[in-house]
Amino acid sequence: MSSNDFRCPACRAKQPLQPVCRRCDADLSLLVRATEHVAALIARHEQARAQADHHAMETTARQLALLAPKRLTAICPDKRDQ
Ligand SMILES: [Zn+2]
């Protein structure tokens with residue numbers, strides 16, 4: 001997701017991902033942290049795949065399935081039905 005694709009979940013204002021909405025002042029800090037955590041999980045998953053570390057791949061895939069199921073199916077099409 002590029003930063004220009006982000007919309008405030010409260011007022012739908014299009015903006016870069018930032019801790020406070022520019023229009024409605026909604027606190028988006030948890031959303032920013034969750035987005036950063038998902039990006040780190042995806043990076044860890046890709047690193048595990050490069051190293052053929054199946055345990056780490058499964059662990060990160062399980063966490064991504066809970067936090068960002070659409071992102072998981074994008075990077076792991078075989079996880080679509082789980
Ligand atoms: Zn807003």
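Where does Asp27 lie relative to α1? Asp27 is found in the segment before α1, and the numbered points below take up that segment together with the rest of the predicted model.

1. Overall make-up. The model under review is predicted, and its protein chain comes to three helices and zero strands. Read from the N terminus, the elements follow the order α-α-α, with α1 covering residues 29–50, α2 covering 54–67 and α3 covering 69–75.

2. Confidence. The protein chain has a mean pLDDT of 88, and 90% of its residues reach 70 or more.

3. Overall dimensions. The radius of gyration of the protein chain is 15 Å, whereas a compact globule of 82 residues would have a value near 12 Å. Taken along the principal axes, the C-alpha atoms of the chain fill a box of roughly 45 × 20 × 20 Å.

4. Burial and contacts in general. Of the 82 residues in the protein chain, 7% are buried. When contacts between residues at least 6 apart in sequence are considered, 13% of them join residues at least 24 apart.

5. The segment before α1, at Arg7. Arg7 is found in this segment, and Arg7 counts as exposed because it has 11 C-beta neighbours inside 10 Å, where the cut-off for an exposed residue is 12 or fewer. If neighbours within four places in sequence are left aside, Arg7 is in contact with Arg12, Ala13 and Lys14. The C-alpha atoms of Arg7 and Leu17, which are 10 residues apart in sequence, are 8.0 Å apart in space.

6. Asp25 counts as exposed because 11 C-beta neighbours lie inside 10 Å. Asp27 is exposed as well, because 11 other C-beta atoms lie within 10 Å of its own. Between Asp27 and His37, which are 10 residues apart along the chain, the C-alpha separation is 17 Å.

7. Helix α1 and what follows. Helix α1 has 22 residues, and the distance from its first C-alpha to its last is 32 Å, close to the 32 Å expected at 1.5 Å a residue. Just after α1, Ala52 takes a positive phi of about 55°, although Ala52 is not a glycine. Ala52 is placed in the loop between α1 and α2, and it is exposed because 8 other C-beta atoms lie within 10 Å.

8. Helix α2, at Leu67. Leu67 is placed in helix α2, and it is partly exposed because 14 other C-beta atoms lie within 10 Å, a count that falls between the limit of 12 or fewer for exposed residues and that of 20 or more for buried ones. Not counting residues up to four places away in sequence, Leu67 touches Ala34, His37 and Val38. Leu67 and Val38 are 29 residues apart along the chain, and their C-alpha atoms are separated by 7.1 Å.

Technical notes
Residues numbered from 1 in each chain as written. Predicted model: local features only at pLDDT ≥ 70, side-chain atom pairs only at ≥ 80, totals over all residues. Helix = DSSP H or I, 4+ residues; strand = E, 2+ residues; numbered from the N terminus. Expected span 1.5 Å × (residues − 1). Contact = placed C-beta atoms within 7 Å. Rg over C-alpha atoms; globule rule 2.2 N^0.38 Å. pLDDT = per-residue confidence, 0-100.
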